[in-house]
Amino acid sequence: MKLGAITNSWREHLARESIEALVDQAAERGAVHVELRQTCLGDCETGEGDGWRPNIDGLKALVGRHPGMSFNLAVAYPCLSEDAQPKSALFQSMLDAAIAVSPDAPHLRMVDPSRFDALWETPADIPDTAMSIGALVQEAASRGVTLSMENSGQPIRSLAMLVQAVRDALPDGEGSILGLCPDPTNQLRIDAGSDPVGEVEALPVDMIKTIHFKQTRGGEAIPTVDTGDVDCLRQLQALQDKGYAGPAIMEIPPHEDVFENLSASFEFLRG
């Protein structure tokens, strides 16, 4: 398993430090993977919304500083709430960037910030727009890019149901590239009585493309991964029991002492 960091944790630092220097600091703290989050890439991106574009040369130079680390790209993209547009300039730019930061194993994580009217409990609840993600999967597969998705308005079990439905509708060589980025802490905000770590335990390992660790106490975010509303050690054990070897990202909140908090989070999980 690759314990790592995400660049939106450094949002406050980007106003005065380069993205290169921040990745250097994460590496010094023991991160072996960094998730490069759109809008938190410094000089490695321009524009926003549909006009967002990556600085491909800048991204290549950034990851080239750390040949022993792995990277993936994460973007905000309405992959579940709008009809898929796999040939759009925006989606193609996202694939280009994912390949630039990890040419041997490119991975694009798509975060749809939309909320839906209700939780999806059966396949019939899944909207057609969400099922259209299959077209994005096919386009990504043609370029060798793994896709994972996240939506804070649906629980892990519902998104897993969607992934399985899309996989069933596509050839095996294409559907298997689609998976999830589970975030148990997010789930408690929309489904307080659920067991999100239990839902992680129920996932097939090949459906987990990456996973986030963060923590709240009494519903309030804390600056480190530690004890709290989610049993993060149980979450870690579930991944180890599955033989999961992918990224485990500390999505800790921005903070002046974010790198000390990153070290403390690693120590908690390793301890």
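Author: A residue is called buried under 20% relative accessible area, exposed over 50%, and partly exposed in between (1.4 Å probe, protein chains only). By that rule Val137 is buried, because its relative accessible area is 0%. The model is predicted, so local features need pLDDT of at least 70 and side-chain atom pairs pLDDT 80 or more, while totals for chains, interfaces and linings use all residues. Residues are numbered from 1 along each chain as its sequence is written, and side-chain values use heavy atoms, without hydrogens or water.

Val137 belongs to helix α5, residues 133–142; helices (H or I, at least four residues) and strands (E, at least two) are DSSP runs, numbered from the N terminus. Between the C-alpha atoms of Val137 and Arg157 there are 20 Å, and 20 residues separate the two along the chain. Arg157 is partly exposed, because its relative accessible area is 30%.

In one of them, the side chains of Glu121 and Arg157 meet at 3.3 Å, N to O. Glu121 sits in the loop between β6 and α4 (128–131) and Arg157 in helix α6 (residues 156–169), so this pair ties together parts 36 residues apart in sequence. Glu121 is partly exposed, because its relative accessible area is 46%. The pair also belongs to a network of salt bridges that links Glu121, Arg157, Asp191 and Glu199.

Another salt bridge joins the side chains of Arg65 and Asp24, with a N to O distance of 2.3 Å.

The strands come next; two strands pair if DSSP finds at least two bridges between them. Strand β7 (residues 146–150) is largely enclosed by the rest of the structure, because four of its five residues are buried. Strand β6 (residues 107–111) runs parallel to β7, and five bridges join the two. One of the contacts is between Arg109 and its bridge partner in β7, Ser148. β7 also pairs with strand β8 (residues 178–180), again in the parallel sense, over three bridges. In that pairing Met149 stands opposite Leu180 of β8.

Strand β1 (residues 2–6) likewise has two partners. It runs parallel to β2, to which three bridges join it, and it pairs in the parallel sense with strand β12 (residues 247–250) over four bridges. Gly4 takes part in both pairings: its bridge partner is His33 in β2 and Ile249 in β12. Ile6 has Glu35 as its bridge partner in β2. Four of the five residues of β1 are buried, so β1 is largely enclosed by the rest of the structure.

Strand β2 (residues 33–37) is mostly covered, with five of its five residues buried. In a regular strand the side chains alternate between the two faces of the sheet. In β2 both faces are covered: His33, Glu35 and Arg37 are buried on one side, and Val34 and Leu36 on the other.

On the surface, Asp50, Glu82, Asp83 and Asp128 gather in a patch of negative charge. Such a patch is made of residues with over 30% relative accessible area and no salt bridge, like charges being joined within 9 Å. Glu82, one of its members, is found in the loop between β5 (70–76) and α3 (89–101). Glu82 is partly exposed, because its relative accessible area is 44%.

Terms used:
Patches are made of residues with over 30% relative accessible area and no salt bridge: like charges are joined within 9 Å, nonpolar side chains (Val, Leu, Ile, Met, Phe, Trp, Tyr) within 5 Å. Accessible areas come from the Shrake-Rupley method with a 1.4 Å probe; for residues, only the protein chains shown count as cover. A salt bridge is a side-chain nitrogen of Lys or Arg within 4 Å of a carboxyl oxygen of Asp or Glu. Lys and Arg count as positive and Asp and Glu as negative; His and the chain ends are not counted. The place of a charge is taken as NZ of Lys, CZ of Arg, CG of Asp or CD of Glu.
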